[in-house]
Amino acid sequence: MAKKTIQDLDLKGKRAVFRVDFNVPLRGDEITDKTRILGALPTIRYVVEQGGTAILLSHLGRPKGEVNAKYSLAPVAKVLADELGQPVFFVPESRGPAAEKAVSELSPGSVALMENVRFHVGEEKNDLDLAQDFSKLGDVFINDAFGTAHRAHASTVGIAQFLKPAVAGLLIQRELEYLGDKTENAESPFVVILGGAKVSDKITVIDRLLDKADTILIGGAMAYTFALALGKTVGDSLSEPAFIDTAKAALKKAKEKGVKFLLPVDNVTVDSLDFDNMSVGNIGVSDVEGNIRDGWEGVDIGPQTVALYAGELANAKTILMNGPMGIFEIEACSKGSFAIAEAVAKNKEAISIIGGGDSVKAVNQAGFGGDVSFISTGGGASLEFLEGKALPGVEALDEK
Ligand code: AMP
């Protein structure tokens, strides 16, 4: 890696201001998915073992620059303490004399979590006064917040100007290794599964992966724009007619490059759907050509598509998955996503990479989180990195 990393530092007796991504899903005070907390543990443990002090900065939700108890990181401190097996001092501020005093009193090997950095309006504006205040909390800067690395904020980018050395933590290194090197120089067959809501969100990724993958499997609502491009009917399915030409161009590129580009051969359909109540009306299937009738909406890939895609996945040596195959949040529409997660997990010969966002939720909900090689902690950051964009939170770190 071209950037300085935590392994380049002598941390003994040093206070490390350490940006993590603890933007975890909450239901009231309860954390419903700990993936991001678990992702930060190796670097926190490393700092502690090396005799440093970990002073953690994170955001949670979108409090829009105002103090809001709903977005306090206090519940996260409790879970982090349990997972680490050592106390975590929660400091109810992230800047100013009281915060600086609180962290200056910590003994080496301690861990502190500061309150939500987005309680300050300057955070998302990359305000340099705020960044400088954050820098006063310690002696070195570690960025391990991969999920926020695509944003130039005061605690991810601005701070690196004031606090040196500024280095990458273990999580960011692993993310770049799996989403970067392992897909850049993937062992063949390299099978990519792309799903999710919109072609327009994923077209740059599709285009880039067409240069690297042997096979691309398409699912989710995205498939219906491709179906339109092939002259099929999609009924009331979520689709983007404005992107039909984009879909056609991707199909053409796949042909030219010799990439196997598969679309669903059958779809699960419903005649009504209530997302708030997580319920659907009557359930049907598309016709033998994969057409969906008016009044019906495609909500998942069908069983024949699952079998077809599972066959491709069984022979893969590298797998990258981004986006669910259907509206997996609703049980009646989740079978395809869960079956594909299972097919990925079953292939123990392959390096399997779950590229962030909702596909991570789907794989975890299906119970296969522990059976894949790597689960990215980034949603937007993973997508932007896979698109080939530079991540400001990584760019801001010191060169080796
Ligand atoms: P993305 O963020 O683009 O990966 O999209 C994830 C979202 O796509 C999830 O909330 C899914 O419910 C949604 N999605 C997947 N398949 C469909 C579909 N057939 N119709 C509507 N939404 C879908």
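Predicted model: local features only at pLDDT ≥ 70, side-chain atom pairs only at ≥ 80, totals over all residues.
Reader: How far is an N or O atom in the side chain of Glu329 from an oxygen atom of the ligand?
Author: A polar contact requires N or O atoms within 3.5 Å. On the backbone side, an N or O atom of Ala197 lies 3.1 Å from a ligand oxygen, and one of Ala221 lies 3.3 Å from a ligand nitrogen. For the side chain of Glu329, the distance to a ligand oxygen is 2.5 Å.

Reader: What share of the ligand's accessible area does the protein cover?
Author: On its own, the ligand has 510 Å² of accessible area.

Reader: How many salt bridges does the rule find across the interface of domain 1 and domain 2?
Author: Domain 1 spans 6-171 and domain 2 spans 186-386. Nine residues from domain 1 and ten residues from domain 2 make the contact. Two residue pairs are in polar contact between the domains. The number of salt bridges found across the interface is zero.

Reader: Which residues in domain 1 lose the most area to domain 2?
Author: The two domains bury about 770 Å² between them, with 62% of it on carbon and sulfur atoms. On the side of domain 1, three residues together account for 58% of what is buried there. They are Thr35, Phe146 and His150.

Technical notes:
Residues numbered from 1 in each chain as written. Heavy atoms only, no water. Polar contact = N/O pair within 3.5 Å; in protein donor to acceptor, adjacent residues only side chain to side chain. Areas by Shrake-Rupley, 256 points an atom, 1.4 Å probe, with all protein chains shown as cover. Domains from an automatic or database assignment. Contact = heavy atoms within 4.5 Å. Buried area = accessible area lost by both parts, 1.4 Å probe. Salt bridge = Lys/Arg side-chain N within 4 Å of Asp/Glu carboxyl O.
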